[in-house]
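Subject: Structure handover

Hi,

Here is the structure we talked about. My notes on side-chain contacts follow below.

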Amino acid sequence: MYRTVNDFLVDWSNSSHGTLRVLEALTDEKLDQSIVEGHSSLGWLGWHIVTSTAFFANLAGLDVKSPGSEKSVPTSANEIANAFRKIIDELKLEVDRKLTDEKLLEEVESFGRTTPRGALLKVLMDHSIHHRGQMTVLLRQAGLQVPGVMGPTKEDGLVN
């Protein structure tokens, strides 16, 4: 759970830019890549990260606009990455404008119960990181470059 706005913003900056690097590794031709047919594809996962960030931000009382319906996954990798770039900035601006350390402790309605706003922002972060991890596996399976997000990858030539 986040207890200070600064702690959230530092994590958001680091994590969201790592996620953006993964989204920037996508290509239009590989958006349909999934582990097996019928499972989440690279395109769906990327778009889900974008739209769910807006969803969780809104639950936390922040006015972050979703760029579209989760059900309408773009066919352009650039559109997904560009939408996330916009979400990164919107979320930061909304946090700067609306949140204080005290407001992170306030209870908000989410999923049929009350949760501290700071805990909900932690769920937003964890959810994005979870799906980013799934995407890195699919990137490698698709033969695409896997960016080093939390350290170097094999593609960086620094890991055996």
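A salt bridge here is a side-chain nitrogen of Lys or Arg within 4 Å of a carboxyl oxygen of Asp or Glu. By that rule, Glu-94, Arg-97 and Lys-98 are linked in a network. Please keep in mind that the model is predicted.

Salt bridges first. The whole structure holds 7 of them.

Lys-92 and Asp-96 form another bridge, at 2.7 Å between the closest N and O atoms. They are also 4 residues apart in helix α3. Lys-92 is partly exposed at 41%, and Asp-96 is partly exposed at 42%.

Arg-117 and Glu-106 meet in a salt bridge too, at 2.9 Å from N to O. Arg-117 lies in helix α5 and Glu-106 in the loop between α4 and β1, so the bridge ties together parts 11 residues apart in sequence. Arg-117 is buried at 11%; Glu-106 is partly exposed at 37%.

Now the rings. The search found 6 aromatic pairs. In one of them, the centres of Trp-12 and Phe-84 are 6.2 Å apart and the planes stand at 65 degrees, so the pair is edge-to-face. Trp-12 is in helix α1 and Phe-84 in helix α3, 72 residues apart. Trp-12 is buried at 2%, and Phe-84 is buried at 0%. Ring pairs also join Tyr-2, Phe-8, Trp-12 and Phe-84 into a cluster.

Best wishes

Terms used
Residues are numbered from 1 along each chain as its sequence is written. This is a predicted model: local features need pLDDT of at least 70, side-chain atom pairs count only at pLDDT 80 or more; totals for chains, interfaces and linings use all residues. Side-chain values use heavy atoms; hydrogens and water are left out. Rings of Phe, Tyr and Trp (its six-membered ring) pair if their centres lie within 6.5 Å; planes under 30 degrees apart count as stacked, over 60 as edge-to-face and the rest as tilted. Helices (H or I, at least four residues) and strands (E, at least two) are DSSP runs, numbered from the N terminus. Buried means under 20% relative accessible area, exposed over 50%, partly exposed in between (1.4 Å probe, protein chains only).
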